[in-house]
Amino acid sequence: MTSVRAVGSTLPSIRAAAELARQEVLRRELAECHLVAGIWCHGFTVAQLRSIRANLPPTARLVVAKNSDVAAAVAGTRWEAVRPFARGMNAWLFVRSDEIPPALRPYRDFQKESKLQLNDFTGAVFEGRLFGPDDFAQLESMPTRVQSYQYLLGCLQMPAVSVLAALRARQEALAQLPPAEEPAPAPAADK
């Protein structure tokens, strides 16, 4: 049987080309990410994965990828800390916004509904920091952007409210004082 590829050809094999394409898709996902989390998905059905994906916010994406492809895609990037979690049956959650708790909540809800306590997060990288499975409580309890803005606005508004309250109290105190008697005009002197 004659091969179509010439000897010494620089074209990659179909398998290598498919692997490079998968890695490029993962690199594009990583380019806009704020968080990458691994989920141990041993025994998940396709219907379960679809259910999780349907409940994710638009800024999050769940991808089932080969660990070798993930390891190759994160090599030399700020996400390289995720490599130790690229073992076993993993699905990868890519979050493209800083709204982390709303992106993690759908999987936690699914986990509780399906009673899959063993299928937990294997780890994550957020802002260059590695989070192990036991550290996810910190990520899940982070304030959302709206909550952060509310807190900041409250901090900025509080001094102004205090000054206005002090001015209003002074004005009310002055209003409660009896009016000062005006001195009678001096009689006009006759000339």
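Which residue of E3 stands opposite alanine 37? Select alanine 37 and then leucine 93, its counterpart in E3. The model is predicted, with local features requiring pLDDT of at least 70, side-chain atom pairs counted only at pLDDT 80 or more, and totals for chains, interfaces and linings using all residues. Residues are numbered from 1 along each chain as its sequence is written, and side-chain values use heavy atoms, without hydrogens and water.

Next, colour the strands; helices (H or I, at least four residues) and strands (E, at least two) are DSSP runs numbered from the N terminus. E1 and E3 run antiparallel, joined by 6 bridges; two strands pair if DSSP finds at least two bridges between them. Widen the view to the open sheet of 5 strands, in the order E2-E3-E1-E4-E5 with antiparallel pairing. E2 and strand E5 (129-131) each have a single partner strand, so one side of each lacks a neighbour in the sheet. From one strand to the next, the twist averages 15°.

Select helix H1 (residues 14-31), which packs on the sheet and touches E1, E2 and E3. The H1 direction makes about 40° with that of E3; axes are lines fitted to C-alpha atoms, for helices over the stretch in contact, and angles run from 0 to 180 degrees between N-to-C directions.

Return to leucine 93. Beyond its neighbours within four places in sequence, leucine 93 is in contact (heavy atoms within 4.5 Å) with residues including Leu35, Leu62, Leu104 and Phe121.
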